[in-house]
Every structure is written in structure tokens, then in C-alpha cells.
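Keep the model open while you read.

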Amino acid sequence: MACDVEALARLGVRSIQPYQPGKPIDELARENEIDPASIVKLASNENPLGPSPRVIKAIESTVTELSRYPDGNGFILKQALAEKYDVQLDQITLGNGSNDVLELLARAFAGPGDEVVFSEYAFLVYPHATKAVEATPVVVPADNWGHDLDAMAQAVTDKTKIVFIANPNNPTGTWFSKAALENFLAKIPSQVIVVLDEAYIEYVDDPDFPNGVDYLSRYSNVVVTRTFSKAYGLAGLRVGYSISSPQITNILNRLRQAFNVNSLALIAASTALSDHQYLAESIVINQQGMQQLMAGFDELHLNYIHSKGNFIAVELGGQSQSIYQQLLSNGVIVRPVANYNMPNHLRVSIGLEHENQRLLTVLKQLTAG
Ligand SMILES: *Cc1c(COP(=O)(O)O)cnc(C)c1O
């Protein structure tokens, strides 16, 4: 007799929708029988520069070591990070992408009956990680697409274990100031873990923007997560990290897989950290591309959400889904965000100048008629 496997799965798992990544270039090339080289992918907030040549060289010099397990303590990378942020090695937890660390946090601190607070339109990994551990998601309505930190502080109860906040947030690109964060942190009880997800902070150039690391000495419940997937251009290698109190690191360290970051990722990330020129160039390209896209959208009379990330959510109303499909037919991949409850927007990652131009040209044709 056939058994109902769905019913066998844990309740939390049954409530999860699989994460929908941006469409891979090769998949679209296969489906439409077009040359992958002709496709422009602006869908996953990847660095359009490609990996830095210094990183590629460092990886090449390490491939002969692939029969060995990686350094499970990630010493060299942690040392480089500790130096950069002026923290101790035992404050750093490495992850298979920062996604890994976000899940470790949920598994370590939340379970059935506990509440996890995050914002409407926040990064989908938060509800995903929350449901996976059968904790209760508490979704706080957004304020003009961004986090309403006052309302989030008010949503904290005796049952709250974790608050996830992204600054800037994905997919909206919205952000909050130092003053807003300080105000928020002062209101949160010290037994609630505050995860400050700063995946895009390298792109931000604003003296008013808070650096989560600055709050660690005052708030032992704060965890800052960052990644090499965006500005450092290493999305394919999967490496991210958190910085926190040593006590939190200690907890995460018990739960993580012993070799959660592979050897190529470790060498690539430590090399990328010292490749200041690549990072600077990535930031300039992002600033220019952001200006280019905003000007282009203005010209097409399209609204967008102002963003401090390497992406921008543009409003296309009821036509979003069909425009997404038509962009695909024209070899341009962007990201639908209906699964974020934003059916009227498409999220566009900032590309190289010619890639942005290609999107704007196709968009102009599609929205003209
Ligand atoms: C991309 C992203 C991450 C990082 O993902 P990785 O697992 O490090 O690739 C984390 N948080 C947000 C908000 C993101 O958009």
C-alpha cells in the first residue's frame, strides 16, 4: 500500500515552500535554444564583474589539496576577518553562505512554541528557517516597504527568541539609520537574539548607516551576519559568516557541520578580503549601474523602491508576470517577487552598463505598447 510521505514529514517542513532561486542562465539557454553568452542575468544579486583574478589564482594554487578535508576551524579566514573587524577569533562563525548561519541561529535558539519576529517583505530565508524548526513566525507589517522597527520591537513577547532584521533588506533595498537601530536595540530584552543581516553593507556609502559590528560590545544578544556572495563576488562558492559574542559562537559551533565551508571557499574568501581594488571597483560599478537604472526607469515613468543594495525593485503593476516572461524570451532574466507578496514588482540586480542597457531597451519595447 502506498504511504502518504507528505503526512510523514514534520509539520514545520510541510508548511515550507521551496526557495525559488533566480533562473539559471543555462536553464533559459536550454529551454529557448539560445546561446548562454547572449543571456543577461540580473536575477540573483550576483556581482556582475565575475570573480576577481586574484581569487581565481588563489583557488588554482589550492586545487592540488582537494583530497584533504578543509580546515574545520577556518583559521586563516577567521584571522583575516578578526583583523578586519577588530574582533576575536572566537566571535566568528563561518557558514556555507550566510544562509547557513541564519539557519544555525534558528536551530540553536528557536523551536515549537517560540516566536521569531521579522518584517513583511523581508528576506525569505527568515520564514523558511523559522518554519523548519517549527517556531511561530511573527510577521510585522512594513512601513513604506521597509522595516518598521518600532512595530517590530512592540511585537516582541515573552515567547520571542529571535528577531531577524536585514539592513539593507532584500528584495526591497530599504534601510534604517543608526539612530533607528539604537532606539530599537535599547527596547529589546537581552534574552532575545537580534540577527542583523548585513549582506549588502559593502555597497552602502552613508555616514548615517549603522555598522552592526559597532554594537557587539554593548549588546551581547546581537549577531551580525555577512557574506562573500554579493560585493565580494563569490556566490558560487557559498561562504558567509557571523560576528557575535563568544558565547553565541560557542553555541553555533556545536551545531554546525564540522566542515561546513569547503577549502576553495576558505582560500577564496581570505584572498577576496584583501583584494581592495576589486571591492572598490564592484562598488563603483554598482553605484553607476544604480544611477543608470533609476534614470532609465524615470524615463519610462516606472516607479521603483529606492535601494541601497545591488538591486532595485521596479513596479510594473498587473503586467509584472507577463513582462517577466517576455524579458525571458528576450534573454533577460530578472526576479519575480510575488512570493514576497510583491506581485506588482520585479527585482532587478545591478549589472554591467551594457547589461542594464539591454534590460532598459527591452523594457521600453514591452511597456510602450
Ligand atoms: C543574498 C543574501 C544573503 C546571503 O546569502 P548567502 O547564503 O551568503 O549567499 C543573506 N541575507 C540576505 C538578505 C541576502 O539577500
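## An asparagine with positive phi

Does Asn341 count as buried or exposed? At 56% relative accessibility, Asn341 counts as exposed, where exposed means over 50% relative accessible area, buried under 20% and partly exposed in between (1.4 Å probe, protein chains only). Asn341 isn't a glycine, yet has a positive phi of about 65°. You'll find Asn341 in the loop between strand 12 (335–336) and strand 13 (345–349); helices (H or I, at least four residues) and strands (E, at least two) are DSSP runs, numbered from the N terminus.

Some housekeeping: this is a predicted model, with local features needing pLDDT of at least 70 and side-chain atom pairs counted only at pLDDT 80 or more, while totals for chains, interfaces and linings use all residues. Residues are numbered from 1 along each chain as its sequence is written, and side-chain values use heavy atoms, with hydrogens and water left out.

## Helix 7 and what follows

Helix 7 (residues 125–132) has these buried residues: Val125, Tyr126, Pro127, Ala129 and Thr130. Their cover includes helix 6 (98–109), strand 3 (115–119), strand 4 (136–140), strand 5 (160–166) and strand 6 (193–197), going by contact, meaning heavy atoms within 4.5 Å.

Just after helix 7 comes Glu134, with a positive phi of about 60°. Glu134 is not a glycine either, and sits in the loop between helix 7 and strand 4.

## Cis peptides in one loop

Now for the loop between strand 5 and helix 9 (178–187), where Pro168 has its place. A cis peptide bond, with omega about -5°, joins Asn167 and Pro168.

Pro171 also lies in the loop between strand 5 and helix 9. The bond from Asn170 to Pro171 is cis, and its omega is near 15°.

## Helix 13 against helix 14

Helix 13 (residues 320–329) packs on helix 14 (residues 353–368) at an angle of about 125°, and the axes are 10 Å apart. Axes here are lines fitted to C-alpha atoms, for helices over the stretch in contact, and angles run from 0 to 180 degrees between N-to-C directions. Helix 13 and helix 14 are therefore oblique to each other: under 35 degrees is roughly parallel, over 145 roughly antiparallel, 65 to 115 roughly perpendicular, and the rest oblique.

Which residues meet? From helix 13 come Ile323, Gln326 and Leu327, and from helix 14 Leu359, Val362, Leu363, Leu366 and Thr367. The residues of this contact divide into 6 nonpolar, 2 polar and no charged (Ala, Val, Leu, Ile, Met, Phe, Trp, Tyr, Cys and Pro count as nonpolar, Asp, Glu, Lys and Arg as charged, and the others, Gly among them, as polar).
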